[in-house]
Each structure stands twice: as structure tokens, then as C-alpha cells.
Amino acid sequence: MMISTRVVYGLLLCGLLHVLSAEPKSHISVVLVGATGDLAKKYLWQGLFQSYSKQVGGTHSLSFYGGTRLSSSEASPVMYEILKGLSCLPNVPSVKCALLKDQFLKLTQYHQLDTHQDYSALNKKIEEVLDQEGLREEGRLFYLSVPAFAYADIATKINATCRPREESWLRVVLEKPFGHDLHSAQQLAEELRKVLREEEMYRIDHYLGKQAIAHILPFRHDNQHSLNPIWNQHHIERVEIVMKETVDSKGRTSFYEQYGVICDVIQNHLTEILTFVAMETPANISDSEEIHRNKMKVYASLERLGKRSAVIGQYQAYNSEVRQELQKAAEYTSTIPTFAGVAMFLDSPQWDNVPFILTAGKALDERVGYTRILFKTKAFCLQNESTRKAEFSQCRQRQIIFYVGHGDLNFPAILVSKNLFKPVMDTSSWKQVTEFPDVQMFGLPLSDYYIYTPVMQKDAYAVLIPQIFQAKRDCFVNTEDLLASWKVWTPLLKEFSNVSPRIYPGGARNGDMLDFKVEGKTVSFTRSDPMAIISESPSHQTVSEYKAIASTFRGNTLVSAVTEDLIAKLASYLQQTAQDAVREHGNFHLAVSGGSSPKDLFRRLAAHHYTFPWKRTHFWMVDERCVPLDDPKSNFRSLHDNLLKDLKVPYVNIHPMPVHMNQRLCVEDDRGAGLYANEIEMLVNGTSFDFVLLGVGADGHTASLFPNSQALTLERNLVLFTESPVKPHQRMTLSLRAINKAKHVAVLITGRSKHPIVGTLSKEGEKSEKWPITMVQPSGGELVWFINHDALFG
């Protein structure tokens, strides 16, 4: 017998109304603070509505309160316009959807939330609803969709006036950012800890609600039999965690100037994903505590990040957007990165030397996000791949991809190479894709993969908000987790704080400009001359404003380039000199100065110059501060940390200056300077170093030879005690006599702060005691100036 559609809908409505009118066992009050903001409009109300739709007929009832600092007359109409635009999941019949929306609107009301009195009034309203309906309070959920600086103030008001009844829970949801470095995160955590317990805070990272990302741990758990033998350094070549965006920062430069791409998405979204991939597989993936413990083990094993760990970039129009939106002066230049590529390594037997490559940026060529585990190819195959069907061949790439969406494959998916294994998947949530779009994934046709996509695609907030009701904390960031992450990232942020990022034009025009490589544990751009002809705006108005680079400086050879290229040229020049010296007399004697300039050179040598004759190289110091050699201010400590520790150099070839003798520092009676001079005379052929590397201070000093110093007139000594005008005052240094006997002298000058002294030196005549660097004139050797563009042009 046929039943009319009208009768079916009538039965449906009656059933749903019965469910809605059934007396619930308990009640939850949900408060959205920031109810009319952009995030609330796009995602939060929708997520709350979908959570409500699933809870209908469940063990508890719900009521909703939206609040802002504005009065009801100002904000209430805006909020209700947002609510009218809510939508149901595609599998919900339209009549049922209309009824659900109507009920949700009736359960939702606006309250001004600004003062303590406002929060007290909200508490009174919640209590009235509970008493009038005879409900038992299960808990209260406060979702703070407000700037982070307001968290502590709002949490204090909630704690003072709006806590739920005894035996009921309180959950406060916090949106990122959670600080911009370790100190700010600690400060915010301490403020919140005063008024909220740890279990009451839910720091939400919406990216962890992306369906493919949220399934990383369940996938690993369900496929342990296949994965455990290969989830290690012996089988995995690298892990790529990528989030590319085509949008720029326009309209958000105030936020971006404070945070930048690393704090915005890498320190949180991408690092959290890294922990999901790298952690031990939880025995129970429903146990949030076990997951947290395993994450903390990953953080503890992450190796320290430094400048060599990353490359950074900034899209070309960023500075003009900052000047316009933040009303900065025309000469203002920001060094905030809008792109970063970082290689992270774990000090762990399971992951030894496997790079986790985290990449994110704005104004890139496509919008896409994925986590890709690329396995090593160990097989050697004789048959030509093109002549046979080879989808299961071990010579083809083997990978697992957790694909967030967008890009060529415009839906969330999990892809597993067919030459790995067929995965076990929860068929109630994931379905296999059998009809493939005509695209390739990392150079391979989609037919090479087992591909699964969600049965029902959901927004990240629709995935995460129900977990708050269920007290599932594994996709939320607790305080210990947060601070551990900031401990990893803060040192890198400090090292890059004044580094100029590579400028890129944006979009498809980037080409290969941002491509980078990982060699050993060093990250570098593959293109050495990225932006030879590009300017942000037509700032050069006349021909006379263009500057030409001369080929000489003070009568000697000049090499000038952007810093990265300059260091590469100096490193190559140094290696060629070393090889020539070893061929000529078997050893290479290198004397290096201290300061910050040589560090990049040391790192470049360690990372790229494997054929350098290290075992035949003797390391000497040009100068040294009178501090213990393990002191951070020690020049030798800098040489060791940035170069020597990565090399296999005979111990007898390393010659630190003897500034610390008999448990004393630079005491004349210890005759340390004389001992070093004797060592030079005994080992260095004719006391002529093969290569001396110098820098220049802003006051024109070089080595530890300062203007008007008596040391400048001591011609007989090779090594001297001298004094610096800045702490630590006492120094030991090579004399001008020792420096000027060298066969090759290179003077390395980098940074805008050195532009004034470079300009002065370029106009000076011959040597002058006013500027000690001008007295460096090798008697029978070669002097070459290496000056970067910032120092040369300002």
C-alpha cells in the first residue's frame, strides 16, 4: 500500500516533537562569547547547531546564549541574522531541518557580556531556566571567540560570577593564538591557571578537526599490523606536513606583524600533526591521557632548531600592505615571514635522521594541505616500468597521504600506495573511491592508490565541538603540550627576528623561487639568486638613484652579493685556498676571528663542503675574549658550536688561545700570549698563516685591535693582550704583524648596521690608526673584501 509523502512527513514531525518534548535527564548551557564575529558567523554557530541536531533525544537538553560587549539592541539582530542562515547536513530531510532550526532559534538568546554584572545576570538567567524546567545541571560550556588578550579577563569573570552548580562541569574553549613565544604563552597560562583548572580549559586547534588529520591516529591504530614494521627510519625517507594558501595577509597585517607564518600555523597546526605521526601508537586511542604522554615524548626528543633548520620568505606586496594598513612610514621594512620551510629531526632510534619537513605560506601558487609519509625504495628493478603494468612494483613511489582538501584532489582523503598494503578503514565513516578524477598525485595516477574519503564531509568545528561535550581532549592542546611546543620554536623565532626573508612575487609567478632542499640537517633554498631584478614598487625615480657595484674596495678585490650568496662565494674561495695549500705543503693553517659575522660561514662549511681538506686543516684564533672557552661569549665556543662539532678534525689541529690558565683569565704572569706565539712559530710555516678571516666593527676595529690602542704600535709581537671598550674588556689577539704576514686575508662585513663604517672606509685614504682595519695590508699576500649588499648600500 502506498503512503503519501504528506503522511510520512506528518509522522516524522510527530515523532520529532515527541522527542523534543520528552523530559531530559540533565541540561547543558552553551555560551558563545564573540557571537557576531567572523569566526562565529562562518563556523561556530553552524558547529553548535549540528551538535544540537545530534543531541536531540539524547541524555541531556541544551540552551544557547550568544554574547558580545555590545548592547542587545546593537548585536541581537546581527546574531539572529547569522542563525537564520544555518544549514543541516545533506542527509537531513528538509522538513526535519526546518523544525530543528526553529527549535534551535527558540533555545538561543542574546546577552550583553561585558562587566561582572553582565556575567552575574547571565548566571541568574541560567539558574532560572534550570529551576523553571526542573532540570539537573550537567555543565556549562563557554566558547571564547575573542582575541587572546581578553581570555584572562573573561575567565576571571566566569570564575567569579558564572560557575555552574556543584557536581557540574565547566569547560572554557579558547581559540588560538596562545601566545607568540614561550614567555607570552607562560604568562597567559599562568593568568588562566589562577581562575580555571587544567581540565576546564579546551584550547582548540581547528586544523586537528580536518577529517583526514583527525583520522591519523585511528588509521595508525587500525593498521598496526602493516605499519609497525615499516613506521621507522629504516623504511621512511621523510615526512612532509604542508599547508599552502593562495590568499595574502591583506586586512590582517596587524595580526601578522605580531605573529608571522611560524606562530600562525606552523608552531600549532603543523607541529601537532607531527606529534600524531611521530608518537608511539596509543594502545587505546580513546585515552586522552595516553595520547598526551606520547606527545610529550615526541616534544622531548625534538632536536634544537636554529637558522640552518629553516628558510623564510615574504611576499612582495606585504610591506606596502603593512605601511598602508598600520600607517607606517614610507621607509618601514618588516622582516616578518609569510612563508617558511622547516626541517625538524627527532633524537630517537625510531626516527633518527628522518626529516619532518613543515611548510606553510601565503600568496603561494595553490591552496592545499596534506601530510605525506614517503617511504624509501629499496628494490632494484630491471624491467622497464613503462613496458609492464607495475602498480604493485616496489620500484614505484610508496607513500601514505592524509589529504586535507582543495588542490588537485578537491576533497578530503586518505591515500595509500597499492604497493604498500590495502588499509583497514572504518566503513561507517570512510568509503573507498573507485572513480578517479583525471589528475595525478605527486607524479603518479590516482589509480596507483587506495583512496578513501569521508562518507559525510564535515567542517572541522563540526568534528571538534561534539568532542568538547564528550570531554575528549586528545585533539585539544593542554598547557604542558603548549609550553613544550613553544620551547621548541622560540629559539628559532629569536634567531630569525632580524633576518631579512627572501622576497617572492606571489602566486604562480613564484616559480621555483621558494623551492628548498634538506642536506644533512641543513635547509637552504635551491635557487641562489632569487630576486636579482625585482622591486616592491617603483621607488627608483631617477637614473642617478641606481647604484653600481665596484670591483674594488680600497684598492683591493671586492666581492659583494646578498648575504646567502656572499657566504657561498667566501666558502668556495676558502676551500680553493685550502686545497692549494695542502697540495703545496701538506697542511692548511686557518685563523678565524670572533663576532657574529663568521657564524653563517661556519654553518655553510659544515653543511656543504664535504670535500674540504678538514683533516689537514689547523684551526687558529685571530682573537679571543678573556672568558672560559665554554662561555657563550667565547669566540672559540662559537667556532666549536657552529663548525668543529660537525667535523672530524684531529684534536692536535685545533688551537684555541690560552686565555684561561692556572684557573685564571688573561694574567700577564701566565705568559699565555707568548705561549701562543711560540706555538705559531713552531707549526706555521714562516709564521705566515695561509688564510686569516677578519671582521670589522662599527668603530673600525678588527680582530681585537681597537682605535687608539697601544697594541697597534707593537710590531715585534705575534700575539698580544689588549683591551676592548665594551665588556668583556680583556682580550688576546693576533698583532698586525701576524695578520699582515698571511698569504690570504678576507674581510667579511654584513648587515645594515655596518653601512656607515663601510661608507667611511670607502672614502678614506691609506692606512689610518683611526680605523685599525685600514692598517691590514698583507706584505706579500692577497686581501679580499666580502661585503654584503646591506652593508655596502644600506
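## Cavities

On a 1 Å grid over the protein atoms alone, a cavity is a set of points where a 1.4 Å probe fits but cannot get out, and its lining residues have an atom within 4 Å of a point. The model is predicted: local features need pLDDT of at least 70, side-chain atom pairs count only at pLDDT 80 or more, and totals for chains, interfaces and linings use all residues. Residues are numbered from 1 along each chain as its sequence is written, and side-chain values use heavy atoms, with hydrogens and water left out.

Searching the whole structure gives two cavities of 30 Å³ or more. Grid points are joined across faces, edges and corners, and a volume is the space filled by probe spheres set on the points. The largest cavity holds about 70 Å³. Its lining consists of Lys176, Phe178, Ile204, Asp205, Gln267, Asn268, Glu272, Tyr299, Val477, Asp481, Leu482 and Ser485. At least two lining residues come from each of α11 (253-278) and α15 (479-495); helices (H or I, at least four residues) and strands (E, at least two) are DSSP runs, numbered from the N terminus. By class, the lining has five nonpolar, three polar and four charged residues. Here Ala, Val, Leu, Ile, Met, Phe, Trp, Tyr, Cys and Pro count as nonpolar, Asp, Glu, Lys and Arg as charged, and the others, Gly among them, as polar.

## The second largest cavity

The second largest cavity has a volume of about 40 Å³. Around it are Tyr151, Leu174, Phe178, Ala185, Leu188, Ala189, Leu192, Arg203 and Leu482. Helix α7 (residues 182-193) contributes the most to this lining, with four residues. Eight of the lining residues are nonpolar, none is polar and one is charged.

An α-helix has 3.6 residues a turn, so residues three or four places apart point the same way. Just after α13, Gln327 has a positive phi of about 55°.

Ser63 is in strand β2 (residues 60-68) and counts as buried because its relative accessibility is 6%. Apart from neighbours within four places in sequence, Ser63 is in contact (heavy atoms within 4.5 Å) with His27, Ile28, Ser29, Val30 and Leu107.

## Cysteines

With a disulfide taken as a pair of cysteine sulfur atoms within 2.5 Å, the count is two. Cys88 and Cys97 form one, with their sulfur atoms 2.1 Å apart. The torsion about this S-S bond is about 95°, so the disulfide of Cys88 and Cys97 is right-handed. Both cysteines of this pair are buried.

Cys626 is joined to Cys666 by a disulfide with an S to S distance of 1.8 Å. Its S-S torsion is about -90°, so the disulfide of Cys626 and Cys666 is left-handed. The pair links distant parts of the chain, 40 residues apart: Cys626 is in the loop between β26 (623-625) and α18 (635-642), and Cys666 in the loop between β29 (664-665) and α19 (672-683). Cys626 and Cys666 are buried. Cys263 is also buried, at 4% relative accessibility, and Cys475 is buried with a relative accessible area of 5%.

Notes:
On a 1 Å grid over the protein atoms alone, a cavity is a set of points where a 1.4 Å probe fits but cannot get out, and a pocket is an open set with protein on both sides within 12 Å along at least five of seven lines; lining residues have an atom within 4 Å of a point. Buried means under 20% relative accessible area, exposed over 50%, partly exposed in between (1.4 Å probe, protein chains only).
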